[in-house]
Amino acid sequence: MQTNSEGKIVTYIQKAYKKFDGIIINAGGYTHTSVAILDALKAVNIPTVEVHITDIKQRDEFRKFSYISLYAEKFIAGRGIEGYAEAVDYLKNKYGK
């Protein structure tokens, strides 16, 4: 799913509870500001991979901190859209059946 609404992101995370085995998330600008998204991820307790198309660690100082990284078990950045495939592979290899 894709949305520009923080509340909708939280709702989608909550709806994933007992429905999905993994979450891949790129929260855009909310990465650096949203305690609500962090809390939602913690609440559902689903393995999570954080993905960013660009390397946020090489951007503005305020973009170097990620609330999502406080929960996500893997961080992928700077690999373009290929980072999403890498995240799927990671979850599949670690948790796949």
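Guide: Start in the loop between α2 (35-44) and β2, where asparagine 45 lies. Remember that this is a predicted model.

Visitor: Why does asparagine 45 count as exposed?

Guide: Its relative accessibility is 60%. The label "exposed" needs a value over 50%. So asparagine 45 counts as exposed.

Visitor: Where is lysine 18 found, and how do you know whether it is buried or exposed?

Guide: Lysine 18 sits in the loop between α1 and β1. Its relative accessibility is 74%. The cut-off for exposed is over 50%, so lysine 18 counts as exposed.

Visitor: Now the loop between β2 and β3. Why is isoleucine 56 called buried?

Guide: Isoleucine 56 is found in that loop. Its relative accessible area is 3%.

Visitor: Which residues does isoleucine 56 touch?

Guide: Leave out residues up to four places away in sequence. Then isoleucine 56 touches Thr31, His32, Arg63, Lys64, Ser66, Phe75 and Ala77.

Visitor: How far apart are isoleucine 56 and histidine 32?

Guide: They are 24 residues apart in sequence. In space, the separation is 10.0 Å, C-alpha to C-alpha. Yet histidine 32 is on the list of residues that isoleucine 56 touches.

Visitor: On to charged pairs. What makes arginine 63 and aspartate 60 a salt bridge?

Guide: Side chains of opposite charge can pair when their charged atoms come close. For arginine 63 and aspartate 60, the N to O distance is 3.0 Å. The limit is 4 Å, so the pair qualifies.

Visitor: Why does aspartate 60 count as partly exposed?

Guide: Its relative accessibility is 38%. Buried needs under 20% and exposed needs over 50%, so aspartate 60 falls in between.

Visitor: What about lysine 64 and glutamate 61?

Guide: Their side chains meet at 3.2 Å, N to O. That is within 4 Å, so this is a salt bridge as well. Glutamate 61 counts as exposed, at 61% relative accessibility. Lysine 64 counts as partly exposed, at 31%.

Visitor: How do you know that the pair of lysine 94 and glutamate 73 links distant parts of the chain?

Guide: The pair is a salt bridge, with N to O at 3.4 Å. Lysine 94 is in helix α3 (residues 82-95). Glutamate 73 is in the loop between β2 (48-52) and β3 (74-77). The two are 21 residues apart. Glutamate 73 counts as partly exposed, at 34% relative accessibility.

Visitor: How many salt bridges are there in the whole structure?

Guide: The search finds 4.

Visitor: What lines the largest pocket?

Guide: The lining has 19 residues. Met1, Ile9, Ile24, Ile25 and Asn26 lie nearest the centre. Both α1 (6-15) and β1 (23-25) supply at least two lining residues each. By class, the lining has 12 nonpolar, 7 polar and no charged residues. The pocket volume is about 510 Å³.

Visitor: Last, the whole protein. How do you know whether its radius of gyration agrees with a compact globule?

Guide: A compact globule of 97 residues would have a radius near 13 Å. The protein has 13 Å, so the two agree. The C-alpha trace spans about 40 × 30 × 20 Å along its principal axes.

Visitor: In what order do the elements run?

Guide: From the N terminus on, the order is α-β-α-β-β-α. That gives 3 helices and 3 strands.

Definitions and conventions: Residues are numbered from 1 along each chain as its sequence is written. This is a predicted model: local features need pLDDT of at least 70, side-chain atom pairs count only at pLDDT 80 or more; totals for chains, interfaces and linings use all residues. Side-chain values use heavy atoms; hydrogens and water are left out. On a 1 Å grid over the protein atoms alone, a cavity is a set of points where a 1.4 Å probe fits but cannot get out, and a pocket is an open set with protein on both sides within 12 Å along at least five of seven lines; lining residues have an atom within 4 Å of a point. Grid points are joined across faces, edges and corners, and a volume is the space filled by probe spheres set on the points. Helices (H or I, at least four residues) and strands (E, at least two) are DSSP runs, numbered from the N terminus. Ala, Val, Leu, Ile, Met, Phe, Trp, Tyr, Cys and Pro count as nonpolar, Asp, Glu, Lys and Arg as charged, and the others, Gly among them, as polar. Buried means under 20% relative accessible area, exposed over 50%, partly exposed in between (1.4 Å probe, protein chains only). The radius of gyration is taken over C-alpha atoms; the globule rule is 2.2 Å times the number of residues to the power 0.38. Contact means heavy atoms within 4.5 Å.
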